[in-house]
Structures are given as C-alpha cells and as structure tokens.
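Let's take a walk through this protein model together. Keep the picture in view as you read, and look back at it whenever a new term comes up.

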Amino acid sequence: MLDARRILEIRSLAGLLDQVNYYQLLQVQPTAALSDIKRSFLERSRDFHPDLFFNTEDSSIRDGASAVYKRLTEAYAVLRTPDARERYDHQLHEDPRAVRLRGGASSGAGGGGAPAKSTQL
C-alpha cells in the first residue's frame, strides 16, 4: 500500500519530467563523479522501479512511476558515457532553453536536457 506522500512524489516528479535536466533528475551536481551518478541512479531507480507498482490499482501511479524510471535510465545512459555526457553538457551550456530531455542531444541514448535550473526534486 502506497502512502499519500509517496503517491504525491510519483505524480509530482512524473509531471516535471520535461522541465528538469538529467542532473536534477538524478539529484547530482553537473560536476558529479561517475561513482556519484551511479549511486544516485541505483537509489532512485530502485524507488521508481515499475515492478514495485505492478499491483497498484491506480494506473496513473503505475504509468507515472514507469515514466520516471524510464527517464532515470535515459539520464544514466547519457551521463555514464563520457562522449554522450560531454555533448549533453555542451548543449546545456550553449542553449539550455532549446535542449529538452527527449530530443536535443544526438547521443543515441536519449539525449537532450532541460534548462539547468536549481529545482530540487
């Protein structure tokens, strides 16, 4: 059984996915070491893994958690690969308004990013 706080967290984060960049989603700084990115990915992906919500009656919770998990996986795929991370960082720096998580960078692993705001998730 999910408590109200957990449901709110899933719905809120799922609604913000197109407004946060990969660093914000993983809750790490852009200067984070790969080991920190990996640790954060493992922790956050464990919290949003779709298998945790398989029996949840509310499909919006299942779909929201699945969307967050998918985006976490995309973020980790880009940030763990030096070339893809460099392209992603370059695009964030060049024109953060034009970069979106689902389309700006041509990294082959999800690419793109949202503005580098100081949003806490």
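What you see is a predicted model, where local features need pLDDT of at least 70 and side-chain atom pairs count only at pLDDT 80 or more, while totals for chains, interfaces and linings use all residues. Residues are numbered from 1 along each chain as its sequence is written, and side-chain values use heavy atoms, with hydrogens and water left out.

Of the 121 residues of the chain, 38% count as buried (under 20% relative accessible area, with a 1.4 Å probe and protein chains only).

Now trace the fold. The chain has five helices and zero strands, taken as DSSP runs (H or I of at least four residues for helices, E of at least two for strands) and numbered from the N terminus.

Next, look at one pair. Helix H3 (residues 34–48) packs against helix H4 (residues 59–79) at an angle of about 165°, and their axes lie 9 Å apart. Axes are lines fitted to C-alpha atoms over the stretch in contact, and angles run from 0 to 180 degrees between N-to-C directions. H3 is therefore roughly antiparallel to H4 (the term for angles over 145 degrees).

Where do H3 and H4 meet? Leu34, Ile37 and Phe41 are among the H3 residues in the contact, and Val68, Leu72 and Tyr76 are among those from H4; contact means heavy atoms within 4.5 Å.

Methods. Angles under 35 degrees count as roughly parallel, over 145 as roughly antiparallel, 65 to 115 as roughly perpendicular and the rest as oblique. Buried means under 20% relative accessible area, exposed over 50%, partly exposed in between (1.4 Å probe, protein chains only).
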